[in-house]
Amino acid sequence: MSDATRAAAEFTRLVEIMATLRGPDGCPWDREQTIDTLKPFVLEETYEVIEAIDAQDHDALREELGDFVFEAVFLAQLEAEAGRFTIADSLRSIADKLVRRHPHVFAQAEGEAPIASADRVRTRWEEIKAQERAGTGKPETLLGGIAPTLPALLRAYHIGTRAASVGFEWSTTRDVVAKIQEEVDELREVVDAQGTLDPVRAEEEMGDLLFSIAQLSRRLGIEPETALRKADDKFTRRFGKLERSVTDSGKTMKDMTLEELEAEWQRLKTAHAE
């Protein structure tokens, strides 16, 4: 049995299990759910998939992907019961979209040229999406299709990618670095200003700085959300070591000076290089 055949059989089984859980003799909890009540579970499973990827835990990833797919099947079951669409409609939609947006793979017989560059593939993808938007007659802008609910850094990354696809982009990476320095200088002006700090302007300048940093990350081929999450994890691990070291010494962090804490931080950083 091929992997595709096995996947089809298991997917069918999952869809049937979900229908049973929602049926008259099914699970009371499952029967109470709505597409709105499932939102936190969708988010939770998404982040657990990401956690497994970050940890390179392939056994966990296998399980988390199953949970992730289950949430999609659950949502589709609710929509099917309301007569809107089925999971088959969703699968057909994504399959058709992938074929349509990869003409360099699936339409070579019709004269579409193959593409060797990943950068050119991304540009072609955005061109096709623009054609699709124009075909709907909806007044959607280039950036309108980016979900506002994305994490802010990731949204900034995608905004920059879309803008760059039509040539609205810095000429060099050095130009982005210069823009970041400009934003740092403007934020410094707010911080160094005499009198009361203007929180509105400070927030605006901080936002501009973070947006520019996201664009530098994009230019360097680094997805900023992942980079920041890894930095968060690294700091958390090191801070935990600092806490344990201070506790083992019989002291408390609140009773130590910043200089003492920094010295211990550097000692642990050197002793446990990551």
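Predicted model: local features only at pLDDT ≥ 70, side-chain atom pairs only at ≥ 80, totals over all residues.
**Entry 1: α8 against α11**

I looked up how helix α8 (residues 152–165) packs on helix α11 (residues 224–248). The angle is about 150 degrees and the axes are 8 Å apart. Angles over 145 degrees count as roughly antiparallel, and α8 and α11 are therefore roughly antiparallel to each other. On the α8 side I noted Leu153, Leu154 and Tyr157 in the contact, and on the α11 side Pro224, Glu225 and Leu228. I sorted the residues of this contact into five nonpolar, no polar and one charged.

**Entry 2: the largest nonpolar core**

Which residues form the largest nonpolar core? I listed six: Leu242, Val246, Met256, Leu261, Trp265 and Leu268. Helices α11 and α12 (258–271) each supply at least two residues of this core. The largest share, three residues, comes from α12. I then took leucine 242 and left aside its neighbours within four places in sequence. Leucine 242 is in contact with Met253, Leu261, Glu264, Trp265 and Leu268.

**Entry 3: glutamine 56**

I checked the loop between α3 (39–54) and α4 (58–81), where glutamine 56 is found. Glutamine 56 is not a glycine, yet has a positive phi of about 55 degrees.

**Entry 4: salt bridges**

How many salt bridges does the structure hold? I recorded 22. I looked up three of them, including one between arginine 219 and glutamate 169, at 3.6 Å from N to O. Arginine 219 lies in helix α10 (residues 199–219) and glutamate 169 in the loop between α8 and α9 (173–192), so this pair ties together parts that are 50 residues apart in sequence. Arginine 219 is partly exposed at 26% relative accessible area, and glutamate 169 is partly exposed at 28%.

Next I took glutamate 189 and arginine 201, whose side chains meet at 3.5 Å, N to O. Glutamate 189 lies in α9 and arginine 201 in α10, so the pair ties together parts twelve residues apart in sequence. I noted glutamate 189 as partly exposed at 48% relative accessibility and arginine 201 as partly exposed at 32%.

The last pair was arginine 120 with glutamate 127, at 3.3 Å from N to O. Arginine 120 is partly exposed, with a relative accessible area of 37%, and glutamate 127 is partly exposed, with 32%. I also found both in a network of salt bridges that links Glu112, Arg120, Arg124 and Glu127.

Conventions
Residues numbered from 1 in each chain as written. Heavy atoms only, no water. Axes fitted to C-alpha atoms, helices over the stretch in contact; angles between N-to-C directions. Helix = DSSP H or I, 4+ residues; strand = E, 2+ residues; numbered from the N terminus. Parallel < 35°, antiparallel > 145°, perpendicular 65-115°, else oblique. Contact = heavy atoms within 4.5 Å. Nonpolar A, V, L, I, M, F, W, Y, C, P; charged D, E, K, R; others polar. Core = buried A, V, L, I, M, F, W, Y, C linked by side-chain atoms within 4.5 Å. Buried < 20%, exposed > 50% of the residue type's maximum accessible area, 1.4 Å probe, protein only. Salt bridge = Lys/Arg side-chain N within 4 Å of Asp/Glu carboxyl O.
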